[in-house]
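Please look over the sequence and the model shown here before reading on.

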Amino acid sequence: MRASSSSAGLRLAQAAVLAGVFALWHVLTVPGILPPFYFDDPHRASFFFGEPLKVLGRIWHWFVGGDIYRHLGVTLVETLLAFAIGTVLGIAVGIWLALAPLASAILDPYVKALNAMPRVILAPIFFVWFGLGIASKVALGVTLVFFIVFFNVYQGVREVSPVVLANARMLGASPRQLLRYVYLPSAMSWVFASLHNSVGLAFVGAVVGEYLGSAEGVGYLIHQAEGVFDINTVFAGILVLTAFALILDWIVTLVEKKLMVWQPRSGETERI
Amino acid sequence: MSPPALALENITCTFVSGARGGARYTAVRDTTIVVAPGEFVSVVGPTGCGKSTLLNVAAGLLAPSAGTVRVFGEPLAGVNRRAGYLFQQDALMPWRNALENITVGLEFRGVPRETAQEQGRDWLRRVGLAGFGDRYPHQLSGGMRKRVALAQTLILDPQILLMDEPFSALDVQTRQLMENELLELWSANRKSVVFITHDLEEAIALSDRVVVLSAGPESHPIGEYAIDIPRPRDVSEARLTRRFLELHAEIWHAMKAEVLKGYARQLQ
């Protein structure tokens, strides 16, 4: 009882913070509520910061009018493709390099260099290579996701317990079975540890790609609005993206809970 | 006469460390240990005397610098397929539950899933864990994990069982329970056992024969003692018999100097 009532209180406080921020935003930007104290022109504040009611109205129109779904769909497809391709590549290359010390030693400086490079600058090249459609955004997302997954898998395979490995060999595992029964599951636990990060970055890749050049997607909407100084639409796009990212994160948490039952959680007690 | 189940012949193991092979360490020198089919042999010795090295050589996980390993008369190449290995540390796969851990060896051999599951459940019951099949290793106690590991190894019915201080991490009571269970499982289906321990009492209580190793480096056997305490034994009762005390006194007398030597070396 107590726990649930305090968590309800917490939710209420969190909602109050949101309402407070919107109220403050409203009061500070709508012309005529407060006497101007920073900008000379009372309309200047709403020009730079938008007005929350108009922003929410814009979101309402998007969802009721149905304009947004196509763009959200495109962004979602780009995110999922970037995530899937980046993860598969990261796992494959991670396992390969972890099990091939010579190749790993040779490629080490290049891997480091690629990782250190700000990969968003690759976007123009991808536009040239893959055009302004979905493919270039997916490519950008893949370069972001790949390295996170790659480093985690590499680490995961390197840190497989030698005893577990020796035990599997004594139980008769062939090299291929070692890969499937020991290296992969061990690497997967590291992949899941980085899932929040990699889904988030796939999303970043998609939106940034759209922003830099495209004809659909939420990033494109934001870019369009910015071009005509429609700050309310920019803010509306940002809010939609944020909510969307939260939903993705929540799905990842669900998947993680489902797949990682074997991992001990700290302080966990078990009912017998 | 049938060949011995396991014969380590003149085994020497030298480890090289340092960038240019600067530091050499000979863990085991010129060691011969022969185990007959169905015989339970314990190897005791002070800490750091290369007991685990010998066991890894017998398992085929480590190639000796010199000497040969014969398994039922045939020279060993690669991993010893006729041996099961019970490790000192936890060796279960944390991402598989108890039942899946027990059946994993059968899966490696391509046994159909249904058959494997059935045998696995049978073994769960035999090691006293019926109903714990869906627990993951982190949800089991140390003793339970050892039981799972034991079932995981025995389900494959190896002819040789290699055990590396398997019970050293357990508390005294659990340990005696596990020792009795091991003897029971062993007497039902006699395998050759090589049991490594630093605990002389455990070695005498379990074995047919005890081999004492000298302190490392370059350790080698310095004595072999047949244990003529009648079977079946209960480990906690066997420890109270007169014969046990005599044997203990005799072997300890031989071991003591080596233990002190090993200890002194550790302090350096």
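**Sheets, helices and charged pairs**

In chain B, strand β6(B) is joined by four bridges to strand β7 (residues 160–164), and the two run parallel; helices (H or I, at least four residues) and strands (E, at least two) are DSSP runs, numbered from the N terminus, and two strands pair if DSSP finds at least two bridges between them. The model is predicted, so that local features need pLDDT of at least 70 and side-chain atom pairs count only at pLDDT 80 or more, whereas totals for chains, interfaces and linings use all residues. Residues are numbered from 1 along each chain as its sequence is written, chains are lettered from A and ligands numbered from 1 in the order in which they are written, and side-chain values use heavy atoms, with hydrogens and water left out.

**The six-stranded sheet of chain B**

- Strands β6 and β7 belong to an open sheet of six strands with mixed pairing, in the order β6-β7-β8-β3-β9-β10 (chain B).
- At the edges of this sheet stand β6 and β10 of chain B, each with a single partner strand, so one side of each is left without a neighbour in the sheet; from one strand to the next the twist averages 15°.
- Helix α5 (residues 172–188) of chain B lies across β3 (40–44), β7 and β8 (192–197) of chain B, and runs at about 140° to β3(B).

**The four-stranded sheet of chain B**

- A further open sheet has four strands in the order β2-β1-β4-β5 (chain B), with antiparallel pairing; its edges are β2 (23–35) and β5 (74–75) of chain B, each with a single partner strand, so one side of each is left without a neighbour in the sheet.
- Nine bridges join β1 (residues 6–17) of chain B to β2(B) in the antiparallel sense, and Ala7(B) has Val34(B) in β2(B) as its bridge partner.
- Across β1, β2 and β4 (66–71) of chain B lies helix α1 (residues 51–59) of chain B, running at about 115° to β1(B).
- Seven of the nine residues of α1(B) are buried, so this helix is largely enclosed by the rest of the structure; buried means under 20% relative accessible area, exposed over 50%, and partly exposed in between (1.4 Å probe, protein chains only).
- Among the buried residues of α1(B) are Lys51(B), Leu54(B), Leu55(B) and Val57(B), and just after the helix Gly60(B) takes a positive phi of about 85°.

**Salt bridges**

- Over all chains the count comes to 22 salt bridges, a salt bridge being a side-chain nitrogen of Lys or Arg within 4 Å of a carboxyl oxygen of Asp or Glu.
- Glu224(B) forms a salt bridge with Arg209(B), with the closest N and O atoms 2.6 Å apart; Glu224(B) lies in strand β10 (residues 221–226) and Arg209(B) in strand β9 (residues 209–213) of chain B, so the pair ties together parts that are 15 residues apart in sequence.
- Of these two, Glu224(B) is partly exposed at 45% relative accessibility, whereas Arg209(B) is buried at 13%.
- Asp108(A) pairs with Lys112(A) in a salt bridge whose closest N and O atoms are 3.1 Å apart; the residues are four apart in helix α5 (residues 101–116) of chain A, and are therefore separated by about one helical turn.
- Arg175(B), Glu179(B), Asp199(B), Glu201(B), Glu202(B) and Arg239(B) are linked in a network of salt bridges.

- Trp262(A), in the segment after α12 (231–259) of chain A, is buried, with a relative accessible area of 11%.
- Leaving aside neighbours within four places in sequence, Trp262(A) is in contact (heavy atoms within 4.5 Å) with Ser189(A), Pro94(B), Trp95(B), Tyr136(B) and His138(B).
- Tyr38(A), by contrast, lies in the loop between α1 (2–29) and α2 (44–49) of chain A and counts as exposed at 65% relative accessibility.

Note on methods
Axes are lines fitted to C-alpha atoms, for helices over the stretch in contact, and angles run from 0 to 180 degrees between N-to-C directions.
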